[in-house]
Amino acid sequence: MDSIDEKCTLLKEQYDNCFNSWYGEKFLRGDSSGDACADLFKTYRECISGALEKRGLDVDELEVSLLETDRLKHLDLPADRAGVVHRDAATMQTKDEEKKQT
């Protein structure tokens, strides 16, 4: 999948590959330590931030709005995967609300 800006796509691919490797080779085997992908994520995030700013959006404001979600405040998330967990948790929250209504 391409990034939000074609200039960031290669960085996204490099980060995704690093994360997927770490996830499969370490995390799923019980080792959640290490910041093997932190530098790649930082570089990719900087690229995305620039692309979003060109579109009039501020990444920091987007992150704050996600972090303020009541269901997520208690989570201790690694900085490089917080957005994915937030997105997934928000989806879970929506599904939980739908279940309550039925």
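This is a predicted model: local features need pLDDT of at least 70, side-chain atom pairs count only at pLDDT 80 or more; totals for chains, interfaces and linings use all residues.
A residue is buried when its relative accessible area is under 20%.

The structure holds 2 disulfides. One of them joins C8 to C47, with an S to S distance of 2.0 Å. The torsion about this S-S bond is about -90°, so the C8 and C47 disulfide is left-handed. C8 lies in the segment before α1, whereas C47 sits in helix α2, which spans residues 38-54. The pair therefore ties together parts that are 39 residues apart in sequence.

A disulfide also joins C18 to C37, with the sulfurs 2.1 Å apart. Its torsion about the S-S bond is about -95°, so the bridge between C18 and C37 is left-handed. This pair links distant parts of the chain. C18 belongs to helix α1, and C37 to the loop between α1 and α2. The two cysteines are 19 residues apart. C18 has 18% relative accessibility and therefore counts as buried. C37 has 3% relative accessibility, so C37 counts as buried. With the bonded cysteines of the chain numbered in sequence order, the pairing reads 1-4, 2-3.

Helix α1 covers residues 9-25 and contains E13. E13 has 38% relative accessibility, so this residue counts as partly exposed. In sequence, E13 and S3 are 10 residues apart. In space, their C-alpha atoms are 8.6 Å apart.

How values were computed:
Residues are numbered from 1 along each chain as its sequence is written. Side-chain values use heavy atoms; hydrogens and water are left out. Helices (H or I, at least four residues) and strands (E, at least two) are DSSP runs, numbered from the N terminus. Buried means under 20% relative accessible area, exposed over 50%, partly exposed in between (1.4 Å probe, protein chains only). A disulfide is a pair of cysteine sulfur atoms within 2.5 Å.
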